[in-house]
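Hi there,

Here is the structure I promised to pass on to you. Have a look at it first, and then read my notes below.

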Amino acid sequence: MRVSTLDERRQFYSREFSLMKVREWFRGWKSPIVFAAVIGRHTRIAPMKYLRERSRTLVIDEYGSPSEIRNYLIDFKPESAYYDRNVYNDWEQARSSGNDTAQLGHSFGQELAFDIDPENFTCPIHGTLEEKMRRHQGLSFCRLEFQLAQQEAAQLVEILSREFSEICLVYSGRGFHIHIRDEKTVFWNRRSRLALVKRLSKRGFMMDEWVPSGGMRLIRLPYSLNGLVSRVAIPLAENELGVFDPITDERTMPKFLPR
Ligand SMILES: [Zn+2]
């Protein structure tokens with residue numbers, strides 16, 4: 001896996017990115033959907049005109065039709081594309097929610113999601129996350145760490161499915177995101193979210209509580225390109241966990257990669 005070039009990002013968003021699939025992902029959402037992009041925070045790769053903004057989170061909350069989302073992404077050629085899990089009452093509320101810092105507020109809900117990243121797992125060869133950070137390898141991971149993350153995602157989905165009925169699993173290009181689509185969870189407050197996270201960590205699940213508790217409202221947009229690794233974020237079926245291989249799976253390989 002390697003970073004994508006600007007031209008590859010352009011190719012992907014102009015020829016391959018499927019708005020139809022994105023629409024399908026948001027089926028049933030009635031509230032405004034805010035998108036976001038980061039052009040080159042980690043890769044440092046950005047179009048000339050956006051060099052100064054390459055590390056910023058660019059919020060996309062002004063678009064007439066979904067097809068304009070594609071135009072933004074072709075223009076930005078971002079390393080990462082996201083959507084905002086917050087559920088807003090109207091566009092005014094969505095647009096006033098600010099840039100990076102808006103969290104789960106009082107007046108809107110949020111899609112419940114979990115984030116499982118391979119670099120958080122301690123590896124017999126590469127060590128703990130702290131050790132990897134010290135070597136500036138905080139974002140990289142090996143196959144073994146990926147397998148550990150995949151195992152944990154499978155267990156977590158299994159446990160969550162006892163309580164929730166609409167669970168979507170997404171391979172993010174790095175690890176896994178688990179989205180809970182049950183309507184009741186959307187308006188859970190921070191306390192209920194933290195209580196669930198606490199229960200899960202007691203069972204041994206390692207997770208970043210920042211995502212499920214509402215501290216981080218953006219999550220990678222399914223079907224977008226993860227330009228850090230040149231993989232497409234794709235929803236997976238539950239029974240694929242354990243056999244899914246991001247190195248060879250056709251669905252996650254953008255067309256610009258050689259086969
Ligand atoms: Zn390792």
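Let's begin with a question: is Y63 buried or exposed? Keep in mind that this is a predicted model. Y63 has a relative accessible area of 18%, and buried means under 20%, so Y63 is buried.

The structure holds 16 aromatic pairs. F35 counts as buried because its relative accessibility is 6%.

Y63 also pairs with W91, again edge-to-face. Here the centres are 5.7 Å apart and the planes are at 90°. W91 lies in helix α4 (residues 91-95), so this pair too ties together parts that are 28 residues apart in sequence. W91 counts as partly exposed, at 28% relative accessibility. F35, Y63 and W91 belong to one aromatic cluster, together with F26, W29 and Y83.

Elsewhere, look for the zinc ion. Its coordinating atoms come from C123 (SG), H126 (ND1), C142 (SG) and E145 (OE), at 2.0 to 2.3 Å. The arrangement is tetrahedral because the four donor atoms subtend angles of 100 to 116° around the zinc ion. Along the sequence, the donor residues follow the spacing C-x2-H-x15-C-x2-E. Among them, C142 and E145 are both buried.

One last thing to find: the charged end of R181 sits over the ring of W25, 4.3 Å from its centre.

Enjoy exploring!

Methods:
Residues numbered from 1 in each chain as written. Predicted model: local features only at pLDDT ≥ 70, side-chain atom pairs only at ≥ 80, totals over all residues. Heavy atoms only, no water. Donors = N, O, S within 2.8 Å, 3.2 Å for Na, K, Ca; no water. Tetrahedral: all angles 85-135°; square planar, octahedral: opposite > 155°, others 65-115°. Buried < 20%, exposed > 50% of the residue type's maximum accessible area, 1.4 Å probe, protein only. Phe/Tyr/Trp six-rings, centres within 6.5 Å; stacked < 30°, edge-to-face > 60°. Helix = DSSP H or I, 4+ residues; strand = E, 2+ residues; numbered from the N terminus. Lys NZ or Arg CZ within 6 Å of the ring centre and 35° of its normal.
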